[in-house]
Amino acid sequence: MKMAIIGNGKVGSSLAAMLSNEKHDVTVIDINSDALEKTQNTEDVMCIEGNGIDKDIQKQANVGKSGIVIATTHYDEVNLLCCLIARKLGAARTIARVRNPEYYKQIDFIRDDLGLTMAINPEGITADEILRVLITPEAAKVEVFERGKMELVEYKLPETSAIVNCSLKDVYKRTKVKFLICAVQRESEIYIPDGEFIPQAGDRINIAASHRDIEQFFRMSGTVKDKVKSCMIVGGGRICYYLTKALLSIGMHVKIIENNLTRCKELAELFPKAAVICGDGTDQDLLVEEGIREADAFVAITGIDEENIIMSLYAKNNSNAKVVTKINRESYVDLTSKIGLDCIISPKTLSTNAVLAYVRSLDNTESNIESIYHIVNNRVEAAEFKIRKEIPGLTGIRLKDLRIKKDTLICSVLRGRQMFIPDGTATIELGDSVVVISKEHRFSDIHDILE
Amino acid sequence: MNKTLVFHYLSKMTFVGSALFLLPAAVSLIYGEADAFRSFIIVASGLALLSLPMSVIKPKTDEMYTRESLVIVAMLWIVFPVAGALPFVISGEIPRFIDALFESVSGFTTTGATILTDVESLSHGMLFWRSFTHWIGGMGILVFALAVFPSSKDSLFLMRAECPGPQVGKFVPKGKKTAVYLYTIYGVLTIVTVILLCAGDMPFFDSVCHAMGAAGTGGFGIKNAGIAYYDSAYIDIVITVMMMLFGVNFNIFYLLLIRRFRDVGKNLELRVYLIIFAASSLLIGANIFPMYKTAGKSLRYSAFQVASIMTTTGYATADYNLWPEFSKMILVMLMFVGACAGSTGGGFKVQRLIIIIKNTGRFFKKLLHPKSVNLVTSEDKAMDTAVVHGVNSYLGIYIFLMMGSMLVISLDNHGFATSFSAVTACFNNIGPGIELVGPMENYSFFSDVSKIVLSLDMIFGRLECTPLMIMFVPSVWKKKF
């Protein structure tokens, strides 16, 4: 498909990379030639220097013939206007990044008039993700599939866990809890484990199960943590706004630490129930004074990656709190997990995934991708497919007789309203919704998983 | 440097190379030339066998940066001409390796300078091979590979290293598609040329060879007398027009295809290119009018020669060695102009000339108004200063390399005009120079050293210096820093 990306920032360039890797014809428009130069050199895309809001520039990028136009410049207004112009020129679909909560609130109200297909709100998505992690404090990352019935949880295996050094076959046999370990990262190697696989302490494992079974799993493996009841947030930006709103609504105690007095006042006015502290989050005395040792969770979401990392390290070493760190630079993610921070949230990756899932779902009409997640540093993909027609060689055949590609795993099936983890005797039927885990493959159709 | 990746590309390309030899082999088969056929098959199978063990080594990472792409391009442009020389030697048609190498380099770099005194003595297969190397070399070996292989994100690096011109861009988002479009436009134009030449009563085989020679702006003929052999005004005109077309930036053809005519009209390089062509043709036509008596005839010869030299093809319909000094001087000056950037032609490129002239203008403005802010603009947009600086540095390298080569060639003691024009003609991938290397002469009398230097010049000129020069920078080969 032909697509245009307006705004070659963090999200724009990572979208350009992902979409061009998926064989789409991508054109990137940006005013800044230095950023373009980099994208041009590393990705197979065409770059055009100029203002994306300019009709002539859009024409030059052939926006009129594009299937999708994605506007991710710094300014919401520019994004919306770009999309409007693109629609006027004949683009089939438009996606705009809208960050301002006031705009986002009423986007449904104006969407049709702007001809907007989708609005992504990175801060909103990020807040949702953080919320999920706080609800399951044992996990480093939680993704939700099949309308919330299945969860995919990333979790670092401690030495005390009951499943360490047993082969998975035995673990599954021994327990009543239905779960599946579907991807394991050991050092820099990634495994899609089979029955013979033996987990070791320090492995980062990804478990698929229903929410209740996940809780049972943690209880069984002896690593259960207390429910999070109080949360300290450093950084009062937009993520903080969305997160606080959600946390307060489920009755959690929230304490916000923010540097800027004006913003503090705004937050205090918005959230009378939350405690708003005006101060520097990197000041360790302040953190102690405000009770970091007693907090159940600590969320570092200031605009600066380095500050977030330092604060989180301090929190990790001085309290038992569940620590969530926001990091935007991809190259930091590896490093931070080495120094013990395991719960990393990247708004960039989250928004990229949201767009990518949408684009993939357009690719095929027969069996749609419902949602898609990249796990283990983007090296493993979990995709949810809806089976809309009989597929010879797949439907109605027992899983152990299926010939599917290497490093591919069918990890859960949703039939009707019932979610289950399939074993070798299970079959996939028409109407099912299936989650497929894969390494080094990019499936856009369920059909592709067959050998 | 990522050596395994470079090696991986080389092995892939060797395989492509071996496939290329099958085409001339088929031609030899049709004409029943057993010796030529055998030599092509030997080289093809040799390359295929070589690429098999090479393909075992898998690249450790697929990180490719500018230096890897430059090294890949440079290595290919050494390996391919050497392989291309082998059939000449094995079949015994050009027994000496140095001569065969010169001929092969001249083919791939689309120079068209030959060491053969009697072209017509070659077999059909060999004649076809010579012209075919022009066709492949014109658009580029790697661009061909990019069009054939599945797309990768390194494509732009490779294209930039091989395509001539100060700025190389894509006209569609995918590098592979760009390469496919380039070769499609190229192929269609070549076929049109073949048809037009056949319509002018040129035999089919001759038409194919000459069309490929014109398409790559190469200039290998298959007759001793060159195009003059056919002595037909129609053929002259067809080839003139076609050479000019192949000297145009291929982006222009793409813009025409997608009907962006206004952008074509705005293209400054195209306008300057046509103006230089028209002005030179008229001046030379007026100058040689006394020799040919009719305006039509003198214009026919002058336009053909101007197009041939400017696009760096090197075909000849008349021995311009016999023309007045003024005409010869214009032709020599045209040798330095060259064709448009992004075409199959060589030379310094009209685009660079425009940038240099504009930059000089800016320099003078700055002298008069020291505080004025002036930018080099192109089509109403400010040009990137890096590009302007690049052009200036290129001019420096260009002059330096040419002077060095002339110094070596002068050891042969063949007179100033011959040495000067031989280097100019080889470096700019034209072929014929003046005096002893004129259009009706050849390069066989040079010493082996000179032939090697001239061969290197041709590759330097075709790749615009940088890829080959980077090979001599020690730090490129070192592991760290």
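Which residues in H2(B) meet which residues in H6(B)? The legends below, which begin with that pair of helices, describe close-up views of a predicted model.

**View 1. Helix H2 (residues 22-30) of chain B packs against helix H6 (residues 124-139) of chain B.** In H2(B), the residues that take part are B:Leu23, B:Pro24, B:Val27 and B:Ser28, and they meet B:His124, B:Gly125, B:Phe128, B:Trp129 and B:Phe132 in H6(B). By class, this contact of H2(B) with H6(B) has six nonpolar, three polar and no charged residues. The axes of the two helices come within 8 Å and cross at roughly 150°, which makes H2(B) roughly antiparallel to H6(B). The crossing in which H2(B) passes H6(B) is right-handed.

**View 2. Helix H7 (residues 141-148) of chain B and helix H8 (residues 155-162) of chain B form a packed pair.** Their axes lie 8 Å apart, and the packing angle is about 155°; as angles over 145 degrees count as roughly antiparallel, H7(B) and H8(B) are therefore roughly antiparallel to each other. The crossing of H7(B) and H8(B) is left-handed. On the side of H7(B), B:Leu142, B:Val143 and B:Leu146 meet B:Ser155, B:Leu158, B:Met159 and B:Glu162 in H8(B). The residues of this contact of H7(B) with H8(B) divide into five nonpolar, one polar and one charged.

**View 3. Helix H9 (residues 175-199) of chain B packs with helix H10 (residues 204-215) of chain B at an angle of about 140°.** The axes of this pair are 8 Å apart, and H9(B) and H10(B) are therefore oblique to each other. Their crossing is right-handed. From H9(B), the contact is made by B:Tyr186, B:Leu189, B:Thr190, B:Thr193, B:Val194, B:Leu197 and B:Cys198, while H10(B) contributes B:Phe204, B:Ser207, B:Val208, B:His210, B:Ala211, B:Met212, B:Ala214 and B:Ala215. Divided by class, the residues of the contact of H9(B) with H10(B) are 11 nonpolar, four polar and no charged.

**View 4. Six strands of chain A form an open sheet with parallel pairing, in the order S3-S2-S1-S4-S5-S6.** Strand S3 (46-49) and strand S6 (118-120) of chain A are the edge strands, each of which pairs on one side only. From one strand to the next, the twist of this sheet averages 15°. Within the sheet, strand S1 (residues 2-6) of chain A is joined by four bridges to strand S4 (residues 68-71) of chain A, the two running parallel, and A:Ile6 has A:Ala71 as its bridge partner in S4(A). Helix H1 (residues 10-21) of chain A lies across S1, S2, S4 and strand S5 (93-97) of chain A, and runs at about 165° to S2(A).

**View 5. Five strands of chain A form an open sheet with antiparallel pairing, in the order S18-S19-S22-S20-S21.** Strand S18 (369-375) and strand S21 (418-420) of chain A stand at the edges, each with a single partner strand, so one side of each is left without a neighbour in the sheet. The twist from one strand to the next averages 15°. Strand S19 (residues 380-386) and strand S22 (residues 433-439) of chain A run antiparallel and are joined by seven bridges; one of the paired positions is A:Ala382, whose bridge partner in S22(A) is A:Ile437.

**View 6. Chain A and chain B meet in a contact that takes 11 residues from chain A and 10 residues from chain B.** On the side of chain A that touches chain B, strand S2 (25-30) and helix H2 (33-42) of chain A each supply at least two residues. By class, that side of chain A has three nonpolar, five polar and three charged residues.

**View 7. The domain assignment of chain A gives domain 1 (2-120), domain 2 (126-220), domain 3 (230-345) and domain 4 (363-449).** For the pair formed by domain 1 of chain A and domain 2 of chain A, the C-alpha centres lie 37 Å apart.

Notes: Residues are numbered from 1 along each chain as its sequence is written. Chains are lettered from A and ligands numbered from 1 in the order in which they are written. This is a predicted model: local features need pLDDT of at least 70, side-chain atom pairs count only at pLDDT 80 or more; totals for chains, interfaces and linings use all residues. Two residues are in contact if their C-beta atoms, placed from the backbone, lie within 7 Å. Ala, Val, Leu, Ile, Met, Phe, Trp, Tyr, Cys and Pro count as nonpolar, Asp, Glu, Lys and Arg as charged, and the others, Gly among them, as polar. Two strands pair if DSSP finds at least two bridges between them. Axes are lines fitted to C-alpha atoms, for helices over the stretch in contact, and angles run from 0 to 180 degrees between N-to-C directions. Angles under 35 degrees count as roughly parallel, over 145 as roughly antiparallel, 65 to 115 as roughly perpendicular and the rest as oblique. A crossing is left-handed if the near helix is turned anticlockwise from the far one by less than a right angle, and right-handed if clockwise. Domain bounds come from an automatic or database domain assignment.
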